[in-house]
Amino acid sequence: MAAQPHGLIATFETAPEVYHAAEKVRDAGYKFWDCITPFPIHGLDKAMGVKRSNVPKFSLTGGIIGFCTGMSMIWFMNAFDYPLVVGGKPYFSPMFAFPVSYELTILFCAFATIGGMFFLNRLPMHYHPVLKHDTIHRGMDDQFFIVIETRDPKFDAARTRALLEKAGGKDIKELEA
Amino acid sequence: MATSADHAAPAILNEVNPPELPRAVLVENNRSFTWITDKICGIIEGKTPAWWWVCFIVACFVASFTVAGITYLVATGVGVWGHANPVNWAWDIVNFVFWIGIGHAGTLISAILCLLRQKWRTSINRAAEAMTIFAVVCAGIFPVFHVGRVWFAWYLFPIPNSNYVWQNFRSPLEWDVFAVSTYGTVSVLFWYVGLIPDLATLRDRFMAAGNKLRATIYGFFAMGWRGSNRHWSNYEMAYLILAGISTPLVLSVHTIVSFDFAVSLIPGWHTTIFPPYFVAGAIFSGFGMVLTLMLPLRAIYKLEDLITQYHIDCMCKITLATGTMVGYAYAMEFFIAWYGANPYEGFAFINRAFGPYAWAYWTMITCNVITPQFFWFKKVRQNTALVWILSIFVNVGMWFERFVIIVTSLARDFLPSSWGYYSPSIVEIFTFFGTFGVFSVLFLLFIRFLPIMPMAELKAVTPQADVHGGENHH
């Protein structure tokens, strides 16, 4: 048996076309499908039924870890491991430890945000069936695509193709896996 | 009923007949997506222009002054700079604060204007962020080499060392280490995240053109980005959060830089106005530098459709606003010096304006308070050459501001017996002069190899990106 294709890809010329087609694919009940767009289209998440991103959870965790790291590091260094008398000031106070902890909050939060974004997007992924499509270079330029994957329980080669055609998709092709 | 009342125009509108105020167009001449891609990628894909090589060679020559100055300092000792009691902070810290301040406009454009949904930021944010990073590089040179024995500069960071002594976290100078290194790191991350989709565009174009080597290099950094909307969703959230955390970051960095002075007891430094005053000054100088860089770039690459008169107007107005805030801070410092009734504080300010450094003080006032006032006039804002010249004055003025603050206060503090007069040595002058070369080398490499404008973001603000056909549904 030949390897199962990755899915079907349809081309759209304008942003409103892909937006309305996405609404139709969403309403048809597909789960494993995607839009390829050269820029984030305002409102497409809703049209696709994509839920709010989970990146903020990573950011919050990173920020909290950063703040605690700063405070505990300064306490450990200046009050515990090597108490150092400077100008009669206390060995530890959250006041003077604040600026550094604040910066570390932001630093850790930034790394967590970006790491979380890459993790949720499963990037880096340099090989992907979509990237093998002949005109995919236009997908980062001026064209829009909708991909419906074969692993979707509702996928049916003929019916999915008909849906994409009805939604206005042109040049519908099979993507090899 | 409330909805119908909202939608019906109030009767008064028919009487006063207000003019239609169309939203400013951000990409002129109704350019297509392909036009934007070709325009920005064409800069990278085309042959290296002759002017680029000329500028690059000149920039390398200028940068060699920094290399020579630093090499001489490391080989001899920090005494080759003009520092001597009582002025032990001078050009090094002046230059450090000057360059860090320039960086701040980049973050302001990319982060604060992003949060405020100022869409005009899109065409200038990439170059402004690059400017931020390169400015931080130039800034970092000075404190690192001012420590004297630069091979011990890692003592600044909490790394276990053979003395078993940790850093003193009660010192604002240690706060500064964390502030500036966090700022540099987060700026690079923010810049890189913004670059990913554009790097993917370049990867695909080089692949289609058959240039495998460049496709591989750009592709490596593009991380396999494929424009998936499920990715865009996380990406946009991450970008928004980065903007959200960069905003308090940029404000805190210059606040902490000002703590280096404000937490001390020197007259003229020990003031609570310093944090906001330094932040306003930083944004002012940064926008000066953005104008200095973007106007020639716009002319050379014919980017008038992307950096429109509206963009220049916006930048000039921010320069005017922050410049006026800086002017207000100068006045308020003087007022508080008198109102606070501290004779040393009062003397410090009289001395700034009328003492041995009066020339620097009045240069500062002229450049920072008077120059931006020209931006009130539309005629001035529309004259690109004049705007460029005024932006140079802003840069000069903000350098003098830091010089005035740092040097005048140290040169004449409490005891007249310990007063002095500081002049820079030739080594300092060379080192500072050279940093403009370092900055230019980095910036020239940037415009040659990376997309100078965020293509994906520019496309998103064009009318054809609007899926609702232009109707305002918010």
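Visitor: Which residue forms a salt bridge with D142(A), and how far apart are the closest N and O atoms?

Guide: Please keep in mind that this is a predicted model. A salt bridge is called when a side-chain nitrogen of Lys or Arg lies within 4 Å of a carboxyl oxygen of Asp or Glu. Here the partner of D142(A) is R138(A), with the closest N and O atoms 2.9 Å apart.

Visitor: Is D142(A) buried or exposed?

Guide: The cut-off for buried is under 20% relative accessible area. D142(A) counts as buried because its relative accessibility is 12%. R138(A), at 29%, counts as partly exposed.

Visitor: How many salt bridges are there over all chains?

Guide: The count comes to 13 by this rule. Let us look at some of them in chain B. R121(B) and E457(B) join their side chains in a salt bridge, 2.9 Å from N to O. This pair links distant parts of the chain, 336 residues apart: R121(B) sits in the loop between α5 and α6, and E457(B) belongs to helix α17. Both R121(B) and E457(B) are buried.

Visitor: Where are R352(B) and E333(B), the pair that links distant parts of the chain 19 residues apart?

Guide: R352(B) is in helix α12 and E333(B) in helix α11 of chain B. Their side chains meet in a salt bridge of 3.8 Å, N to O. R352(B) is buried, with a relative accessible area of 2%, and E333(B) counts as buried at 7%.

Visitor: Now for helix packing. At what angle do α11(B) and α13(B) pack?

Guide: The angle is taken between the N-to-C directions of the two axes. For α11(B) and α13(B) it is about 140 degrees, and the axes are 9 Å apart. On the α11(B) side, G323(B), G327(B), Y330(B) and F334(B) take part. They meet Y361(B), M364(B), I365(B), N368(B) and V369(B) of α13(B). By type, the contact has six nonpolar residues, three polar and no charged.

Visitor: Finally, what does T66(B) touch?

Guide: T66(B) is part of helix α4, residues 50-76 of chain B. Leaving aside residues up to four places away in sequence, T66(B) touches I141(B), F430(B), T431(B), G434(B), T435(B) and V438(B). T66(B) counts as buried, because its relative accessibility is 3%.

How values were computed. Residues are numbered from 1 along each chain as its sequence is written. Chains are lettered from A and ligands numbered from 1 in the order in which they are written. This is a predicted model: local features need pLDDT of at least 70, side-chain atom pairs count only at pLDDT 80 or more; totals for chains, interfaces and linings use all residues. Side-chain values use heavy atoms; hydrogens and water are left out. Helices (H or I, at least four residues) and strands (E, at least two) are DSSP runs, numbered from the N terminus. Buried means under 20% relative accessible area, exposed over 50%, partly exposed in between (1.4 Å probe, protein chains only). Contact means heavy atoms within 4.5 Å. Axes are lines fitted to C-alpha atoms, for helices over the stretch in contact, and angles run from 0 to 180 degrees between N-to-C directions. Ala, Val, Leu, Ile, Met, Phe, Trp, Tyr, Cys and Pro count as nonpolar, Asp, Glu, Lys and Arg as charged, and the others, Gly among them, as polar.
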